[in-house]
Amino acid sequence: MTEKEIKRTRIATRIANEFPDGALVNLGIGMPTMVANFLPKDKTILLQSENGFIGLGPKPEEKDEDRDLVNAGGNPVTMLPGGCFFDSALSFAIIRGRHVDYTVLGALEVDEQGNLANYMIPGKMVPGMGGAMDLVVGAKTVIIAMEHLNKKGQCKILKKCALPLTAKGEVDIIVTDMAFIRVTKKGLVLEEIAEDTTVEEVLKNTEANLTVAGNLSRF
Amino acid sequence: MKPIKTPQEAVANIRDNSSIMIGGFMCCGHPFSVINAIVETGAKNLTLITNDAGYPDIGIGKLICQNRTRKLIVSHIGLNPIAGNKMHSGEMEVELVPQGTLAERIRAKGAGLGGVLTPTGIGTEVETGKQKITVMEKDYLLEIPIEADFALLQAAVCDKYGNCFINKSAKNFNLVMAMAAKTVIVEADKIVEPGELDPEHITVPGVFITTIVQAKKEDTVQKVWN
């Protein structure tokens, strides 16, 4: 594995172990999708695809691809036993109505107030928010999956987001290749650090203020 | 019984400046035959209301990339770079709407509602220019209905009363759009006699449908993803 793959696998594995048995989870496109590969075998975790179903399964073999069964990225997937289909209005009623337990999304920036910016860079990247704004507002727990630093080596966990927000104050947990951070009313709490780093390294690479938990553990 | 027309006949009234809802999500549940017929008519300055800008070369992407579209109302354009370029150059207006809000604004029109109150977008650029309403101590945005001259849907099976069965994840926006436009054209892979579809398995009641079109065979089998 490349260094990037190792980092991503660590993030995805840590998040996959966060869900309790029976949780309904929506995974965003990109790194969050990887979480599906590391779900614990002894738990039943239901995955929602916001284009209209619960019971999202792995990519099929090419001969089994079905043009009527795609994920939210438009790529062919499968349906697991016990799944169900619905239309977009019902799908977002499930999302907005607080029936999704966890949503996992990537981020460009997150800040001390749990604000999230992940849908545009004005003038550069304006793909649209898709379902992200509804997911972040509606899911009971919002988990951000991202590398601790951006491609230029800059902090992504900030005192205050500079980019346009996807949602205000909705982020609950941030998991990076270095840290597991919980957003609380008193600010960000560093609960776990990765096995190959130190608290000092994490603090050095985080612009936001972090409170180190008394029972800090490693992942 | 609803009229069964060719794609060309069905789109004859779609002219310059028409507003059109198009079902589909990244071209899944997307009425390709009817869209291709619109491309042939040369109609322009269209307003398209749909989930996404699709891919550049097929379906809705053709109406965008061949300069037929004045305005897009969508949740996402990320997989069609030409749509992004046209937005940045100002050649095409793009209104980005959160996906759940888009579905509810369309549904509101179809269901006779004056709008919906949603928490989605509070504290973001989406709230610009919108009325904020507090209900039971929580803030919501008033999102107003979206209507259109035409809605173009895709169904796996349609009976001659217009009742549709839409397969799997192809349902997406097809159901809400069926209710929200003046003229509703459904493109079906298969058209059957009334009674052949189990009434328990109807996705879209036929009462919403104006015109039925038989999908062209080549449009029912094409692979759209990369």
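## Exercises on a two-chain model

In chain A, 64% of the contacts with a separation of 6 or more are between residues 24 or more positions apart; two residues are in contact if their C-beta atoms, placed from the backbone, lie within 7 Å. The model is predicted: local features need pLDDT of at least 70, side-chain atom pairs count only at pLDDT 80 or more, and totals for chains, interfaces and linings use all residues. Residues are numbered from 1 along each chain as its sequence is written, while chains are lettered from A and ligands numbered from 1 in the order in which they are written.

### Exercise 1: Two chains in outline

Task: Find how many helices and strands chain A has, and compare its radius of gyration with that of a compact globule.

Solution: 
- Start with the elements. Helices (H or I, at least four residues) and strands (E, at least two) are DSSP runs, numbered from the N terminus. Chain A has five helices and 13 strands, and chain B has seven helices and 12 strands.
- Next, take the radius of gyration, computed over C-alpha atoms; the globule rule is 2.2 Å times the number of residues to the power 0.38. For the 219 residues of chain A, a compact globule would come near 17 Å, and chain A agrees with its 17 Å.
- Then look at the extent. The C-alpha trace of chain A spans about 50 × 40 × 30 Å along its principal axes.
- Last, check burial. A residue is buried if 20 or more other C-beta atoms lie within 10 Å of its own, exposed if 12 or fewer, and partly exposed in between, with C-beta atoms placed from the backbone. Buried residues are 45% of the 219 in chain A and 53% of the 226 in chain B.

### Exercise 2: Where the chains meet

Task: Name the helix that gives the most to the side of chain A that touches chain B.

Solution: 
- The contact involves 35 residues of chain A and 40 residues of chain B. Both α3 (88-96) and α4 (132-138) of chain A supply at least two residues of the chain A side.
- With five residues, α3(A) gives the most.
- Sorted by kind, the chain A side has 17 nonpolar, 10 polar and eight charged residues. Here Ala, Val, Leu, Ile, Met, Phe, Trp, Tyr, Cys and Pro count as nonpolar, Asp, Glu, Lys and Arg as charged, and the others, Gly among them, as polar.

### Exercise 3: An enclosed helix

Task: Find how many residues of α5(B) are buried, and what they pack against.

Solution: 
- Check the length first. The expected span is 1.5 Å times one less than the number of residues. Helix α5 (residues 99-110) of chain B has 12 residues and should span 16 Å; the end C-alpha atoms are 17 Å apart, which agrees.
- Count the burial: 12 of the 12 residues are buried, so α5(B) is largely enclosed by the rest of the structure.
- The partners come from both chains: α3 and α4 of chain A, with β2 (19-22), β6 (116-118), β8 (138-143) and α6 (174-180) of chain B.
- After α5(B) comes B:G112, with a positive phi near 75°.
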